[in-house]
Amino acid sequence: MRSQVGISKWVLVTILVVVIVAIVAAVITTYLYYSARPSKPTAPPPPTKPTKPTKPAIVIKDFRGKTIELAKPAERVVVLQSYWAEVIVALGKANTIVGVGSYVPYDEYLPPEVRDLPKVGSIFRGVNVEAIASLKPDVVIMDFGYGKADEIIKKLEQMGIPVIGLFIRGIEDEIKAIEILGKVLGAEEKAKKLIEFIKTRYGKLKELGAKVPESKRLKVVFISGSSVLKGGALSLYANASWGRAVEDIGAVNVALHEFPNKKWPKVDFETLVKWDPDVVFITSSVKYVQKVLDKVASDTRWHVLKAYKSGRIYVVPCWGSIGGVLDWGPRDIIGREYIAKLLYPDVYREVDWRGDMEYLLEHFYGIDIPKQAFAAYSIEWKEIVDPLGNVVKVPRKVKKVVDLISYLSDLALGVMDRLVGVSKYAKKNPVLLKVYPKIKDIPSPGSSFKVNIEVLEMLRPDVVIIWPYKPSVVEQIEKLGIPVVKVHLYSYDDVRRLLWCLGVLYGVVDRVKKIINDMDNLLMLVRERIKDIPSEKRVRVLYLWSKPTRVQGGRGTMNDAIVLAGGVNVAAKEFPDKSYVTVDFERIVKWNPDMIVIWWWAKYGPEDLLKDPKWSVVKAVKEGRVYKEPYYEHWGPDLTLFVLWLACKMYPDRFSDINFMEIANKYYMEWYGILYSEVASAG
Amino acid sequence: MRKLVPKLFVSFSLPLAILISLLLGHYRTDPKTVLEVVLSAVFPHLIHSPPETVRVIVLLYRAPRAIAAAITGAVLAVSGAALQSMLRNPLVDTYILGIASGAGFGAALAIAFLPPTVPVELVAFCFSLIAFMLAFVLAWSWGRGGVIALVLSGVIVNAFFSAALALVKYLAPDPHRLASIVFWLMGDIGQAAFWYKIMRMLAISLPCILVIWFMRWRLNVLSLGDEEARALGVNPTVERGLLTAICALMTSATVAYTGIIGWVGLLVPHIVRLMLGTDNRVVVTYSIVFGATYMVLADDLARCLTSEELPIGVLTTIMGAPLYIYLLRRASGVWR
């Protein structure tokens, strides 16, 4: 026995030595790693500017066949139609527009600075030619051939104002128009890119459409939604741009075959019954989508149609409200993709109209409207996109929802009465308890981590909103045949995505637009005041969670809030993809933040750090800049209020005129119907 | 003196480990400055004004952390050693008495439901003592404090409080609090690294350690079995009760501050026994020293191994399990 012990002794000594050596090695590598890190990447050489060729005089032929000559690219433009304004914006020349037609301001895809320009009238009611002249435009861009257009053009040309007349009969014309406008505005490069974007997608649509065999081509009728609502004769799309679009994607447009020479023929309902198409598409503005579908569903005449019985009546959201996919101008191609995908989901599987829309808006329009703002509508369902980017089919009208996540957003959207189940955590929310005490009576089928399937089955909701952290829970719910909206919130953009998704899901898009607009305004207020602060003068912030060494890394809404408020998150660089991370205290000393913010629900406060002598070496503590944030919900519109609060604390001299509580009260009242001061100290 | 080399090795490893941990850390400090800081703390008139930041880091962060780790390690190891010999079972440590789950339940309760003015460690301490009392009373009421009775009662109380802990976790009013509970359960020396907390820990654990140290020869007697102990004039029931209570008291006091750190009380006495033999007089003494060393080094790893701080309880278990397997294979036969 003793000999065994003797051997073991040396084994143990060896183990100890190994452990110590391991520690030393770890430390040395850490030191080496940090000292060897390059101080800063060398700045890239300044890009060499391409030399501009001297521009020749511009000569173009418009759609009327008239030749227009300009000495230089137009710098002042009056545009009468919103879709041409969209093209100009997409060409990066929004600043050349000086006057717009009466309907242009309603186009929500246009930037506010265009929508706020002086209005000069419309093609239908006539324009104030003198008003146009007083704007001294280099050129006027407008449709011709209908309304009072030709008369207007004549007058303008008499006054010596060049007019570019446009009219679209298909994507080829769209492309030609973009080419012309690119030349007129001196934006040929951008025009080429936009044309490329449209051409490749159009080519794909036609290529796939040609693959549909003659015998399998569906019979389609494409109806104007306003005529459906009126209840009289139906106005159809035949030999016009959209009427022919249906043929491009491998379907038979019945109206086009019956009325080959008419653009928009009118037929009575009996004709429609006689044709009995396989699929019906109806155009509508976003606002009236459900109204049109309600009309179809309630009017029993429609029920005899094959398309109704098979559920293949679809609405195409059109025009300039957010959510509209089909319009003339750059979005035309997206609307065609939308129609194609609904018509032949298998043939057009690879077509992603939502992704293309997001891309178009981001890269050409320069606006940030996520996929989640767009839905596809049928007589039976609507197809929305959840914040994770999955397409989810929900009933056309969502009436019963189990929401295990976004309590305050539901309150802000005014849809609390549609909640049939909430997370048990919602019942502890201080705002909900005050504003909507009925929350206590709403049953709770569990949380995102554990759901009582029987309670859920009993509630039978139209949709469940959930964190997808536990796949088995999601699977269980989906097995019941209940659609699941999955949410993650790692950034401010995710919060916006969630809000858009909820707005589309509940069908309260106008309310969402208002709230997102409020949020944008709050951020703008902050951005305007901090934008000129150089990066080395930005306040370096550390955000602390449930204990003082648990810090906010570079991923998450809190990190975004710090950045949006004009600060630098000191922990972001070393932990770029973490939301919560526990660090060694020495690391905080090394970061030496200028300001520390503590989570409102943490069980400690600034006084705990201020009285702890070891924190005294941290700059923020030394200077007394340690704050506990007031109550707010991290995952809703509140986040923007927090950005303002943070900015006020970071740069008090720049925000000395801002009364945070007053602003917070105002928005809380608008969003939730309660004063912020009533809940600010909750928790 | 027998086994002089390993004894010396163990004895010197503790100051060495503490010295190492004073030098280690993410904040770069050169050894000379650290030594200056330490010297100026001991002899304030000899050396003056080392850099303030380094002084704070070394004296208010690294030093208390090392000391807290040392105390925790010593307490866990010595109570493990005492229990293993008393209960004549190599597979126990103090946690078998329901202390860990009691403390975990108390801490979870405080984090989830009690107002922030109530210190978490106080609730944890109270509940770990309550859990121990339950196990103790249970053992005495039906088994008159026998070995089997004590272990079984511990298992029952453990199970009960684990279930209660799970319930508190499930009912936690907010996912963030749930996360806090989970972190507490994984152990963190950092939350005990304050001089005033160390003083409180010492106030309870130092006398307890001393008592066990002075009673260390009785452990030898108790480990022979009840009959033999009685024959040698020791009342095994009373002595075992007393020693168990002392172990529970000091373990509760440390666990309340540091969270649950597993596998130290189990492993360290075994290592010491392998090195120095099974005489409890030696095992107790060197378990104190070696437990402290082990814990200090483990905490250094937790602090320095990655850019994030690792939970110490997880670390000790991950290191401990394979080491234990190795020891068992190596030394089958040393323990009965």
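## Domain layout of chain A

In this predicted model, the centres of domain 1 of chain A and domain 4 of chain A, taken over C-alpha atoms, are separated by 47 Å. The assignment for chain A lists domain 1 (58-186), domain 2 (196-379), domain 3 (393-491) and domain 4 (518-678), with bounds that come from an automatic or database domain assignment.

The C-alpha trace of chain A spans about 105 × 65 × 60 Å along its principal axes, and the chain has 28 helices and 29 strands, where helices (H or I, at least four residues) and strands (E, at least two) are DSSP runs numbered from the N terminus. Of the 683 residues in chain A, 57% are buried; buried means under 20% relative accessible area, exposed over 50%, and partly exposed in between, with a 1.4 Å probe and protein chains only. Among contacts (heavy atoms within 4.5 Å) in chain A between residues at least 6 apart in sequence, 62% join residues at least 24 apart.

## The α6 and α7 pair

Two packed helices are described by the angle between their axes and the distance between the axes. Helix α6 (residues 171-185) of chain A packs against helix α7 (residues 188-210) of chain A at an angle of about 170 degrees, with the axes 9 Å apart; the axes are lines fitted to C-alpha atoms, for helices over the stretch in contact, and angles run from 0 to 180 degrees between N-to-C directions. α6(A) and α7(A) are therefore roughly antiparallel to each other, a label for angles over 145 degrees, while those under 35 count as roughly parallel, 65 to 115 as roughly perpendicular and the rest as oblique. The residues that meet include A:Ile171, A:Ile175 and A:Ile178 in α6(A), and A:Leu194, A:Ile198 and A:Tyr202 in α7(A).

A:Ile171, which lies in helix α6 of chain A, is buried, with a relative accessible area of 0%. Not counting residues up to four places away in sequence, A:Ile171 touches A:Ile198, A:Tyr202, A:Asp332, A:Ile333 and A:Arg336.

## Nonpolar cores and a buried leucine

A nonpolar core is a set of buried Ala, Val, Leu, Ile, Met, Phe, Trp, Tyr and Cys residues joined through side-chain atoms within 4.5 Å. The largest such core has 245 residues, of which A:Trp302 and A:Ile596 touch the most other members. Apart from it lies another core, of 105 residues, among them B:Ala77, B:Leu87, B:Tyr286 and B:Ala292. Leaving aside neighbours within four places in sequence, the contacts of A:Ile596 include A:Leu542, A:Leu609, A:Trp615 and A:Arg625.

A:Leu498, found in helix α20 (residues 492-506) of chain A, is buried, with a relative accessible area of 0%. Its contacts, not counting residues up to four places away in sequence, are A:Pro387, A:Ser406, A:Val487, A:Leu489 and A:Trp635.

A:Arg460, in the loop between α18 (453-459) and β22 (463-466) of chain A, has a phi near 45 degrees, a positive value in a residue other than glycine, and is partly exposed, with a relative accessible area of 33%. A:Asn592, in the loop between α23 (585-591) and β28 (595-598) of chain A, has a positive phi of about 50 degrees although it is not a glycine, and is partly exposed at 26% relative accessible area.

## Conventions

Residues are numbered from 1 along each chain as its sequence is written, and chains are lettered from A and ligands numbered from 1 in the order in which they are written. Local features need pLDDT of at least 70 and side-chain atom pairs count only at pLDDT 80 or more, whereas totals for chains, interfaces and linings use all residues, and side-chain values use heavy atoms, with hydrogens and water left out.
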